[in-house]
Amino acid sequence: MESQEKIKIRVCQGTTCFVMGASRLEGLETQIPSQWRQKVEVSAQPCLGMCQKAGFMKAPFVRIGDEIIGSATVDSVLKKLSEMFK
């Protein structure tokens, strides 16, 4: 990863993901450790299209770079970021 390139985090806000907990991810950017904030870009997406591929019960989905996290929580997203910054 180039030093200027930000890690893009896309939180699915489709109906299923929202109902299944994406609303708990809305404040994610404030929970990212301060040393990572300038290196990360968080945004909401209308739908990532993952419910049909991976199953509705794995919602909410978050895309971090090219990787999809199912049943995403703030903790699982922060854990993945920690792995990426090692």
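**Salt bridges, strands and cysteines in a predicted model**

Lys80 is buried, with a relative accessible area of 17%. Here buried means under 20% relative accessible area, exposed means over 50%, and partly exposed lies in between (1.4 Å probe, protein chains only). The model is predicted, so local features need pLDDT of at least 70, side-chain atom pairs count only at pLDDT 80 or more, and totals for chains, interfaces and linings use all residues. Residues are numbered from 1 along each chain as its sequence is written, and side-chain values use heavy atoms, with hydrogens and water left out.

Lys80 takes part in a salt bridge with Glu67, with the closest N and O atoms 2.8 Å apart. This pair links distant parts of the chain. Lys80 belongs to helix H5 (residues 74-85) and Glu67 to strand E4 (residues 67-69), 13 residues apart. Helices (H or I, at least four residues) and strands (E, at least two) are DSSP runs, numbered from the N terminus. A salt bridge is defined as a side-chain nitrogen of Lys or Arg within 4 Å of a carboxyl oxygen of Asp or Glu. Glu67 counts as partly exposed, at 37% relative accessibility.

Lys80 also forms a salt bridge with Glu83, where the closest N and O atoms are 3.8 Å apart. Lys80 and Glu83 are three residues apart in helix H5, so about one helical turn separates them. Glu83 is partly exposed, with a relative accessible area of 44%. Through shared partners, salt bridges join Glu67, Lys80 and Glu83 into one network.

The count of salt bridges comes to three. One of them joins the side chains of Glu41 and Arg10, at 2.9 Å from N to O. Glu41 lies in strand E2 (residues 40-45) and Arg10 in strand E1 (residues 7-12), so this pair ties together parts that are 31 residues apart in sequence. Glu41 is partly exposed at 32% relative accessibility. Arg10 is buried at 14%.

Strand pairing places E1 beside two other strands. Two strands pair if DSSP finds at least two bridges between them. E1 and E2 run parallel and are joined by six bridges. Within this pairing, Cys12 has Gln45 of E2 as its bridge partner. E1 and strand E3 (residues 62-64) run antiparallel, with three bridges between them. Arg10 stands opposite Arg63 in E3. Five of the six residues of E1 are buried, so E1 is largely enclosed by the rest of the structure.

The cysteines were examined next. A disulfide is a pair of cysteine sulfur atoms within 2.5 Å. By this rule there are zero disulfides. Cys17 is in no disulfide, and the nearest cysteine sulfur, that of Cys12, is 3.5 Å away. Cys17 is buried, with a relative accessible area of 1%. For Cys51, the closest cysteine sulfur is that of Cys17, at 4.5 Å, which is too far for a bond.

Cys51 lies in helix H4 (residues 50-54). Cys51 is buried, at 12% relative accessibility. Not counting residues up to four places away in sequence, Cys51 touches Thr16, Cys17, Phe56, Ala59 and Phe61. Contact means heavy atoms within 4.5 Å.

Two loops carry backbone features. The peptide bond from Ala59 to Pro60 is cis, with omega near 0°. Pro60 lies in the loop between H4 and E3. Ser71 has phi near 50°, a positive value in a residue other than glycine. Ser71 lies in the loop between E4 and H5. Ser71 is partly exposed, with a relative accessible area of 39%.

Val19 is found in helix H1 (residues 15-19). Val19 is exposed, with a relative accessible area of 66%.
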